[in-house]
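Dear colleague,

Please find below the structure I promised to hand over, with its sequence. My notes on it follow.

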Amino acid sequence: MSAVRDPEPRPYRAGFGCFVGRPNAGKSTLTNAIVGTKIAITSNKPQTTRHVIRAVLHRPESQLVLVDTPGLHRPRTLLGERLNDLVRSTWTEVDVIGLCIPADEPVGRGDRFITGELAELKATVLAVVTKTDLVDKRRLAEQLLAVSQMGEFAEIVPVSAVSGHQVDTLVDVMTKYLPASPQLYPDDMLTDDPEQVMVAELIREAALEGVRDELPHSIAVVVEEMIPEGQVMKIYADLYVERPSQKAIVLGHKASRLKEVGTNARRQIEELLGSRVYLDLHVRVAKDWQRDPRQLRKLGF
Ligand SMILES: Nc1nc2c(ncn2[C@@H]2O[C@H](COP(=O)(O)OP(=O)(O)OP(=O)(O)O)[C@@H](O)[C@H]2O)c(=O)[nH]1
Ligand SMILES: [Mg+2]
C-alpha cells in the first residue's frame, strides 16, 4: 500500500462563527456541545444568555471561535436594547453565522426578520435547524423546506445538541467558511470569559431553575469576591432581584429555596474550578434594574 500524498496541503484555518436566533432556540446548548464543555449556561426560559461568550474549538487543522450571543428579541427594557446591540455588533465581526431555528416550532416572523438583516452582512450565513431529536423525519423534512424558502443560505444543517447528531458535520461546514489564518487563541484556551463571570453565571443558572413568569428576567448575579483559603475557594456573591416580593420568592420558606440554589450552584462551581467551594450568597433588591442605566452599569451591562 502506498501513501497518497496531498499535493497541496490544506491551509490552517481560523476564524469566528456565531449562532443567532430567537431566545430559546438552543444556541448556548449547541455551543457547549460543539466545544464539549459547559461554557455557556442554558435554561428553558427565554433570554438566558446576557453577554457575549467566546468558546474555542481546537482541531489539528483549524480553530473555530464560537461566539454565543443573547437571543434577538423585541426589547421591552433598556437591558433588552443593550442585549440586541451586543448581538448586532457581533455580526459585523464574524466570518460565519449560523441562524438557529428550532425544528419543533414553526418558522415565524421573527426568523424572517433576522434572515433579512443577516443578508446585508459580509459573513457567510448558514441555517441551523436545532433540536432535531424532538421531531420525526417527516416534520424535519417539512421544516428544512420551510427554512430553505425563507431566504438564501449557504447551507442548511439539521442538528441535535442533545443527541449529538450532526454536531461534527456542523463544525466541518462552519470551518469551511473560515479564512486561512494563523491560530488565534492559545492551545489550551477554551473561553476568554473571566472565572468570576462564569461563576456568577452558574449561580444565575441555578437560580433560574423553577422560577416563573417575569422573575427569570429580573435575576442578576454579581460575584463580589473569590478568596482562596487553603483547599477551599471562598466565594461571596449577590443575587439581585427587582422587587421585595421577588426577594421573598427567591428566598423561599425560611430561606429554603435559596439554600437549594446555593447547593446546586456550588456543585457546578466546584466542577468548574476543580476545588472545594464555600459559597456565601445574599439576595438584594435593585429596584427595576433592567430599566435603570446606572444599575445596569453596576451589574456589568
Ligand atoms: N431536546 C432538545 N432540547 C434542546 C436542544 N438544544 C437546546 N435544547 C433545550 O432548549 C432550551 C433552550 O436552550 P438554550 O441553549 O438555553 O437556548 P438559547 O438559544 O441559548 O437561549 P437564549 O440564551 O435565551 O437566547 C433548553 O431547555 C435546552 O435544554 C436539543 O438539541 N434538543
Ligand atoms: Mg443562550
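Predicted model: local features only at pLDDT ≥ 70, side-chain atom pairs only at ≥ 80, totals over all residues.

Nine residues of domain 1 touch 11 residues of domain 2. On the domain 1 side, the residues that meet domain 2 comprise three nonpolar, four polar and two charged ones. Domain 1 spans residues 13-176 and domain 2 spans residues 195-298; their centres, taken over C-alpha atoms, are 27 Å apart.

As to the fold as a whole, the protein chain contains 10 helices and nine strands. Its radius of gyration is 21 Å, close to the 19 Å that the globule rule gives for 301 residues, so the chain is as compact as a globular protein of that length. Along the principal axes, the C-alpha atoms fill a box of roughly 70 × 50 × 35 Å. Of the 301 residues, 39% count as buried. Among contacts with a separation of 6 or more, 70% join residues 24 or more positions apart.

The largest nonpolar core has 74 residues, and Ile-97, Leu-99, Val-128 and Ile-203 have the most contacts inside it. Helix α6 (residues 195-208) gives the most to this core, with seven residues. Both domains take part, each of domain 1 and domain 2 supplying at least three residues. Leaving aside residues up to four places away in sequence, Val-128 touches Phe-19, Gly-98, Leu-99, Cys-100, Val-157, Val-159 and Leu-170.

With kind regards

Methods. Residues numbered from 1 in each chain as written. Chains lettered and ligands numbered in written order. Core = buried A, V, L, I, M, F, W, Y, C linked by C-beta atoms within 7 Å. Buried ≥ 20, exposed ≤ 12 C-beta atoms within 10 Å, placed from the backbone. Helix = DSSP H or I, 4+ residues; strand = E, 2+ residues; numbered from the N terminus. Domains from an automatic or database assignment. Contact = placed C-beta atoms within 7 Å. Rg over C-alpha atoms; globule rule 2.2 N^0.38 Å. Nonpolar A, V, L, I, M, F, W, Y, C, P; charged D, E, K, R; others polar.
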